[in-house]
Amino acid sequence: MTETLNKKKIREIRGFILMTLAVAVSSIGWSAFILPHKIPIGGIAGISSVVFWGTGIPVSYLYLGLNTLLLLIALRTLGWKFCVKTIYSVSIFSLTTSLYQHFHTGETLFPNEPFLACVIGGVLLGLGTGIALQYNASTGGSDVVAAMINKNHDISLGKVILACDLVIITSGYLVLKNWENIIYGYIVLFVMTSTIDYVVNGMRRSVQFFVVSEKWEEIGNAINSNVRRGCTLIDARGFYTGKEIGMLFILARRTETHDIFRVIDDIDPEAFVSQSSVNGVYGIGFDRMKLGRRKKTEQ
């Protein structure tokens with residue numbers, strides 16, 4: 001019992017560390033590559049930057065205040081755990097942005113290459129946001145709206161963020177009066193949402209194995225105990241030899257592939273193994289089916 005609690009605590013600490021690094025990377029992508037070029041982006045960050053260009057109010061203050069208001073609305077849908085982690089992420093994002101602006105005032109990276117700045121900034125923003133969402137948090141803004149919709153509907157997070165942010169980016173023309181900057185904003189949005197989907201789907205992707213071996217029982221026990229994955233036994237028979245043999249069917253996360261291959265190779269290097277990717281796995285230990293909430297009607 002104590003060992004399980006310790007492992008859970010270690011996972012939580014590791015999650016917060018990775019989340020902190022991801023949010024810091026996302027903040028650098030925004031404050032170092034996007035803001036100096038006056039490129040509008042979506043979400044609360046985009047609204048904050050537009051107001052900053054129009055009024056001079058520091059973006060970190062606006063970003064923190066607007067996200068607090070949005071999280072109060074999201075509390076009921078997403079739960080306190082998501083909101084607490086998101087408040088933490090938003091605070092780190094605001095702090096990192098303030099520190100960067102303080103130490104690099106007036107500095108513009110790639111001053112004559114706004115397109116390159118768009119691509120690098122978009123990748124860093126998408127990378128940080130995607131990792132934060134994987135740890136049940138977000139960097140605020142459209143991410144929160146996307147998480148609320150994705151909670152009960154199997155809709156791409158990137159597509160939800162794309163829809164929300166298109167409106168915000170276009171509104172930047174009211175302040176900038178320059179369509180070139182708005183188009184660069186669209187480029188950032190495309191790169192960012194593509195990166196988010198790549199990160200989120202890549203980390204959730206699953207694989208399936210069919211393992212044919214005379215040592216199927218030993219392999220199954222080792223995968224159960226070492227990889228912590230279940231196996232389904234299928235009674236099989238060789239067509240040519242007519243010999244009956246056990247075949248294991250295994251579903252696992254893509255990140256567990258190496259561990260499964262190592263177990264099989266240690267026990268039976270001659271085993272016949274088939275591996276393939278699957279689009280989605282739902283159930284205990286994997287994802288939850290998202291069909292939306294249906295009202296029950298009385299017959």
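Which side chain does E214 meet in a salt bridge? I found K243, with N to O at 2.5 Å. I took a salt bridge as a side-chain nitrogen of Lys or Arg within 4 Å of a carboxyl oxygen of Asp or Glu.

**Ground rules.** I noted that this is a predicted model, where local features need pLDDT of at least 70, side-chain atom pairs count only at pLDDT 80 or more, and totals for chains, interfaces and linings use all residues. Residues are numbered from 1 along each chain as its sequence is written, and side-chain values use heavy atoms, with hydrogens and water left out.

**Salt bridges.** I counted three salt bridges by this rule. E214 lies in the loop between strand 1 (206–212) and helix 9 (216–227), and K243 in the loop between strand 2 (231–237) and strand 3 (244–253), so their pair ties together parts 29 residues apart in sequence. Helices (H or I, at least four residues) and strands (E, at least two) are DSSP runs, numbered from the N terminus. I looked up accessibility next: buried is under 20% relative accessible area, exposed is over 50%, and partly exposed is in between (1.4 Å probe, protein chains only). E214 is exposed at 57%, while K243 is partly exposed at 46%.

I then looked at R229, which forms a salt bridge with E256, the closest N and O atoms being 2.8 Å apart. R229 is in the loop between helix 9 and strand 2, and E256 is in the loop between strand 3 and helix 10 (257–267), 27 residues apart. Both R229 and E256 are buried.

D259 and R262 also meet in a salt bridge, at 3.4 Å from N to O. Both lie in helix 10, three residues apart, about one turn of the helix. D259 is partly exposed at 27% relative accessibility, and R262 is partly exposed at 42%.

**Aromatic pairs.** I counted six aromatic pairs. The rings of F16 and Y88 have centres 5.3 Å apart and planes at 80°, so I logged the pair as edge-to-face. Rings of Phe, Tyr and Trp (its six-membered ring) pair if their centres lie within 6.5 Å; planes under 30 degrees apart are stacked, over 60 edge-to-face, the rest tilted. F16 is in helix 1 and Y88 in helix 3 (residues 59–103), so the pair ties together parts 72 residues apart in sequence. I have F16 as partly exposed at 28% relative accessibility and Y88 as partly exposed at 30%.
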